[in-house]
Amino acid sequence: MGPLIQCRNIVKIHRGRGIDGAKRGFKAVDDVSFSIEKNGNFGLVGESGCGKTTLARAILYLDPPTSGKVLFDGVDLGSLRSRHLRAFRRRMQIVFQDPHSSLDPRMTIYDSLSEGLVNIGMDRAARTKKINRLLDLVGISGAMGSRFPHEFSTGQRQRIVIARALTMDPEFLVLDEPVSNLDVSIQAQVINLLLDIKEELSLTYLFISHDINLVAYMCDTVAVMYKGKIVEQEPTEELFANPRNEYTQTLLASIPGGAGRISGASTNIAKDGTMGNTASAVRELSKGHVVSNTTGRTGDKPDLTGGTR
Amino acid sequence: MNTTEPIITIENLRVEFTQERQKAFALRGIDIAFYKDEIHGLVGESGSGKTVTAMSIMGLLPKPAATILSGSIRYEGKELLSLSEDALRTYRGSKIAMVFQEPAKYLNPAFTVGEQIREMVMLHKGLNKHQAEMRARELLGLVGLGKDGRALGAYPHELSSGMKQRAMIAIAISCDPDFLIADEPTTSLDVTLQLQILKLLKILKKMKRMGMLFISHDLSVIREIADRVSVIYAGKIVESASVARLFEHQMHPYTRLLLLSIPDARHRGKKLATIAGQVLDATNDPQGCVFAPRCPLAKELCYRESPKLIAHEQGHTSACHFAEEAWDL
């Protein structure tokens, strides 16, 4: 099977206001290339502010990349006119992190799900049938379609958002931290659901998360992103068994209960009373985006203290 | 385990919230004891009563919405619940301090970090301005913000989220409390930062010989930092044991399922265990076990009778009728 998504040298520069911002801009995504196989489950992991979401939005052409190409099924999205791009949009969908803000509170679930279908001119009977089938797929009774988002729990809402993403029969689904807002016991339900529907509808996933454990569980290929660049990309087993990049190693070591156990760190306080790994000087990359300037105690390991929240 | 007297003992604490004439049972009778020099992890899902427990100890429950129905909280033998607001103030901050989840929300944006530490020590310890200044420097050094003294004069917005959390910790420990409550202190931080903060808390506990209540929804974080763990579900402690013991042997089905539902790279391709259904609604007051509606092992007895938190070997307590039985989930 060939690749469904190919990204070639994607760069995204955010131009802020002010003299400096407008002139230099902030490179949120820096020369990223990768491809996702059909039916693949590609994981993108990194800390907040490293450009994961920006990259996802660039791939979907929601925020077109500053330079570089995105090929969907061999077609360069950048070369399409907006009308044709819209046809392609049908084939790729996104699920956001926060189901509270991604559902319109004034629309019933049925209305939220039927919007896209109305747009393509599907008649009411067919719409109802389809929506009921999708809601059933994500484990929500079709009879609940007339309810409003606030009547559902967070886990149910995320299921509804997933059902909505599926209304246009997409081939490619971007999952941007889909379970980060959910409790552990609910998280497992949604993860199982995502894996089931992937199998059933033979979807291709781009799974974004800050949780390397979760990504490793879900995905067959993992790319680690740091400061806008993909620093390492490997099949999951390989990445875990043999991380080559220093940042990946730091990340793996930081998993609670992972390699970087705390127990040994009892005498980390230096004589002057300062901790070893101190973050002192910060510099502001762009408005509200502060990054630590210091390197960690252990030499040149990256010391991420920045990022907006 | 500790054989000394606990610093803080909570007994049969019941807290109820009233909102729009609806009653919500936040805590349904909690027993827990905290010891000096021990990090006690409290783990549970959102709405399970973790923060309410912390706020009850601090005497910071919102009034009049919250009512303490029964129970007692004793600090070194003295009852905290019957203290007046003024008397409580001498404990809060100086003896018992707290670190919150979102440092940005709890730091005052209008004052520098230095001023906020000075305020604490001048109020509680009666230091003069100069002494307070020295103390603030010392504390910031301790939490790893002391290299150049920049943080001292910095406003919260000038600091990154990790630095803000360090500043919060500095304020919390400024009066050498005996007991520190850390309510999800690393939840809003990235993993590499999380590890740094966990290390810092562990070092501080050792240095100051504090007792600590560490609240988290994340079992793996708890495993990393705590000495003892209590699992809370729907306002009840369902299980409590030392970390080593709990992760090896669970005596409550909820804990077992919770552990099984954590995604792990080693179990790729296998289905995650799920806990069916929703968390018990707080307005419900079931006669039986709070977990029974979601428990795959629930029997008739579970719906009829609420299990008590019973001690088993090695200080392991569990609130399950069938704790001693070998079940397979």
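What percentage of the 309 residues in chain A is made up of buried residues? The figure is 52%. Please keep in mind during the tour that this is a predicted model.

## Chain A as a whole

Let us begin with the overall make-up of chain A. Its secondary structure consists of ten helices and twelve strands.

Taking the contacts in chain A between residues at least 6 apart in sequence, 63% join residues at least 24 apart.

## Where a helix of chain A packs on a helix of chain B

Two packed helices are described by the angle between their axes and the distance between the axes. Here is a pair with one helix in each chain: helix 10 (residues 246-254) of chain A packs with helix 7 (residues 191-208) of chain B at an angle of about 50 degrees, and their axes are 8 Å apart. This angle makes helix 10 of chain A oblique to helix 7 of chain B. The two helices have a left-handed crossing.

Which residues make the contact? On the side of helix 10 of chain A they are A:Thr250, A:Leu251, A:Ala253 and A:Ser254, while helix 7 of chain B brings B:Val191, B:Thr192 and B:Leu195. Sorted by class, the residues of this contact are four nonpolar and three polar, with no charged ones.

## A helix pair inside chain B

Now turn to helix 4 (residues 113-125) and helix 5 (residues 129-142), both of chain B. Their axes come within 9 Å and cross at roughly 120 degrees. The crossing of helix 4 of chain B and helix 5 of chain B is right-handed.

In helix 4 of chain B, the residues taking part are B:Val113, B:Gly114, B:Ile117, B:Arg118, B:Val121 and B:Met122. They meet B:Lys129, B:Ala132, B:Glu133, B:Arg135, B:Ala136, B:Leu139 and B:Leu140 in helix 5 of chain B. The contact of these two helices has eight nonpolar residues, one polar residue and four charged residues.

## Backbone details in chain B

Is the peptide bond from B:Lys63 to B:Pro64 cis or trans? It is cis, and its omega is near 5 degrees. You can find B:Pro64 in the loop between helix 1 (50-58) and strand 4 (66-75) of chain B.

Next come two residues with positive phi. B:Asn12 is not a glycine, yet its phi is positive, at about 40 degrees. B:Asn12 sits in strand 1 (residues 8-19) of chain B, and its 38% relative accessibility means that it counts as partly exposed. B:Asp176, also a residue other than glycine, has a positive phi near 50 degrees. The loop between helix 6 (161-172) and strand 7 (179-183) of chain B holds B:Asp176, which counts as partly exposed because its relative accessibility is 33%.

## One more loop residue

To finish, look for B:Asp218 in the loop between strand 8 (211-216) and helix 8 (219-225) of chain B. Its relative accessibility is 25%, so B:Asp218 counts as partly exposed.

How far apart in space are B:Asp218 and B:Met163, C-alpha to C-alpha? The distance is 22 Å, and 55 residues separate B:Asp218 and B:Met163 in sequence.

Definitions and conventions:
Residues are numbered from 1 along each chain as its sequence is written. Chains are lettered from A and ligands numbered from 1 in the order in which they are written. This is a predicted model: local features need pLDDT of at least 70, side-chain atom pairs count only at pLDDT 80 or more; totals for chains, interfaces and linings use all residues. Side-chain values use heavy atoms; hydrogens and water are left out. Helices (H or I, at least four residues) and strands (E, at least two) are DSSP runs, numbered from the N terminus. Buried means under 20% relative accessible area, exposed over 50%, partly exposed in between (1.4 Å probe, protein chains only). Contact means heavy atoms within 4.5 Å. Axes are lines fitted to C-alpha atoms, for helices over the stretch in contact, and angles run from 0 to 180 degrees between N-to-C directions. Angles under 35 degrees count as roughly parallel, over 145 as roughly antiparallel, 65 to 115 as roughly perpendicular and the rest as oblique. A crossing is left-handed if the near helix is turned anticlockwise from the far one by less than a right angle, and right-handed if clockwise. Ala, Val, Leu, Ile, Met, Phe, Trp, Tyr, Cys and Pro count as nonpolar, Asp, Glu, Lys and Arg as charged, and the others, Gly among them, as polar.
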